[in-house]
Amino acid sequence: MRRKITVFIIIAVCFLLQSTLFQALAFASISPNLLIAVTSAFGFMRGRKEGMWIGFFSGLLLDIFYGNVIGFYALVYAYIGYVNGFFRKMFFPDDIKLPLILIATSDFSYNILVYVFLFFLRGRFQFDYYLVHIMLPELVYTILVTIVLYFVILKINQRLEAIEKRRASKFG
Amino acid sequence: MRRKSKHSMPTRYTLMILTGLCLMVMFVSFTLNLSGGPLNSIAGYIFIPMQNGINEVGTWFVNRAEDLKTMRDVMQENKELQTQVDKLTQDLSTIKLEQYELNNLRELMELDQKYPSYDKVAARVIGNDGGNWFNTFLIDKGENDGIEKDMNVIAGSGLVGIVIDTGPNYAKVRSIIDDASNVSGMALSSADRCIVNGNLASMNKEQVIQFSDLKCEDDSVKAGEQLVTSHISDKYLEGILIGYVSTINRDPNNLTYSGTVTPAVDFQHLQEVLVILDKKTIQKD
């Protein structure tokens, strides 16, 4: 329960920051994608299941407030969280390379999916333009923000895990 | 933990169920044009107050920062004015420019009065689309303030967009520069109709959106022409200024023209908008 509330607060804070503060801090009208970072981070820290659910709810939030159809972002985010969960075995808290690579890949594949489904299918074919002007800047900005955000999430997760372990040993 | 996972469903099945659910909801909301319904209300009551709060804090900081900045500017200007008399002449020319702009704006205002005055309600922009692909935003007025889907949103004298979804205390607006937006427009002087569609690429490159399918006499529409919403649109009220034609080219078919429009509204610094409470009513068969 404690974990659920904490995760909900993290998602809410990231969503709010992403739609208010970071829109104001946008460079060249590009803002970072915090929810992808959260989804991906919980995916490889906690496994497929949590990644999937956290992705699903983050996406649902975006769908409700900014989506055209309910369910599209939820689905994309859920899959991203799920796929990130496969890397749990390779994840070590001290190593920052893997998280950065995973979050970067997640952000990039998210943008590719959005491009294909929401732009390409409407006849916007200049992929190179969108790649250079939307996807790559967002990638760079997201990675920069992630370096800070990742450590915050990591610390919160470690504390949660410590509390859970203590409880388990108390009752078990 | 081990014991528990043995009894619970494997994650891949949950994923499949979720996928099916999402696809179904997407299909339903796309075909029936439904929005979140109760989800909108719940999410609205949880998140909109927080967004409002952040915005108020943000605005406060921006105002303080601007105060500081302007104070610094004023001090610097003061120094410069004392040392440089030339600067005064420069200021004079700036004022002349502003006068010119003021005259222009006054003309525009008169133009605005020509159209029937609609009932409007002012709203503040409280959140932008989280991603970089689209250009939708949230305003802090919703169903409780009488806002409904398909109401037009303007700022100053120009068209901003249209309400595409509402919650109890917020509304979602798609701006005309959004990549998926299409508006039926017409040239003000000749009433030739065209389609104005938002374009992410051209908006990013040079702050313009595109229009197409303009049928007019040879070169009767020139750069600088005003485009307003047309009388045949079923959602946009007639005669709201969209923007000014910046480039125009004849299409390869030799019949129609297309080109780019500079929107009348500054979308970068949009803070307050007006929602027109009158909706265009079209009898549908």
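Two strands count as paired when DSSP finds at least two bridges between them.

**Entry 1: the hairpin in chain B**

I had a predicted model open, and I went to strand S5 of chain B, residues 171-175. S4(B), residues 158-166, pairs with S5(B) in the antiparallel sense, and I found five bridges between them. Together S4(B) and S5(B) make a hairpin, with four residues between the two strands. One bridge I looked up joins B:Thr166 to B:Ala171 of S5(B).

**Entry 2: the other neighbour of S5(B)**

Next I asked which way S2(B) and S5(B) run. They are antiparallel, and four bridges join S2(B), residues 136-139, to S5(B). I noted B:Thr136 opposite B:Arg174, and B:Phe137 with B:Val173 as its bridge partner.

From S2(B) I carried on to strand S1 of chain B, residues 120-128. S1(B) and S2(B) are an antiparallel pair too, over three bridges. Here B:Val125 sits opposite B:Ile139.

**Entry 3: buried or exposed?**

I then checked how the side chains of these strands are placed. As a reminder to myself, side chains in a regular strand alternate between the two faces of the sheet. On S5(B), B:Ala171, B:Val173 and B:Ser175 point one way, while B:Lys172 and B:Arg174 point the other way. All of them are buried, B:Lys172 and B:Arg174 included. Because five of the five residues of S5(B) are buried, I can call the strand largely enclosed by the rest of the structure.

**Entry 4: the nonpolar cores**

Which residues have the most contacts inside the largest nonpolar core? They are A:Val38, A:Ala78 and B:Ile242, in a core of 104 residues. H5(A) gives the most to this core, with eleven residues.

Beyond its neighbours within four places in sequence, its contacts include B:Leu159, B:Ile176, B:Val183, B:Val196, B:Leu227 and B:Val261. B:Gly185, B:Thr229 and B:Pro263 are also among them.

There is a second, separate core of five residues, and A:Phe119, A:Tyr130, A:Ile134 and A:Leu139 are among its members.

**Entry 5: where the chains touch**

I looked up the contact between the chains and found 38 residues from chain A and 33 residues from chain B. On the chain A side, helices H1, H2, H4, H5, H6 and H7 each supply at least two residues. H4(A) gives the most, with nine residues. By type, the chain A side divides into 25 nonpolar, ten polar and three charged residues.

Last, I checked the scores. The model has an ipTM of 0.71 and a pTM of 0.73. Chain B averages a pLDDT of 81, and 89% of the residues score at least 70.

Where is confidence highest and lowest in chain B? It is highest in S5(B), at 91, and lowest in helix H1 of chain B (residues 2-7), at a mean of 50.

Note on methods:
Residues are numbered from 1 along each chain as its sequence is written. Chains are lettered from A and ligands numbered from 1 in the order in which they are written. This is a predicted model: local features need pLDDT of at least 70, side-chain atom pairs count only at pLDDT 80 or more; totals for chains, interfaces and linings use all residues. Two residues are in contact if their C-beta atoms, placed from the backbone, lie within 7 Å. Ala, Val, Leu, Ile, Met, Phe, Trp, Tyr, Cys and Pro count as nonpolar, Asp, Glu, Lys and Arg as charged, and the others, Gly among them, as polar. A residue is buried if 20 or more other C-beta atoms lie within 10 Å of its own, exposed if 12 or fewer, and partly exposed in between; C-beta atoms are placed from the backbone. pLDDT is the predictor's confidence in each residue, from 0 to 100. A nonpolar core is a set of buried Ala, Val, Leu, Ile, Met, Phe, Trp, Tyr and Cys residues joined through C-beta atoms within 7 Å.
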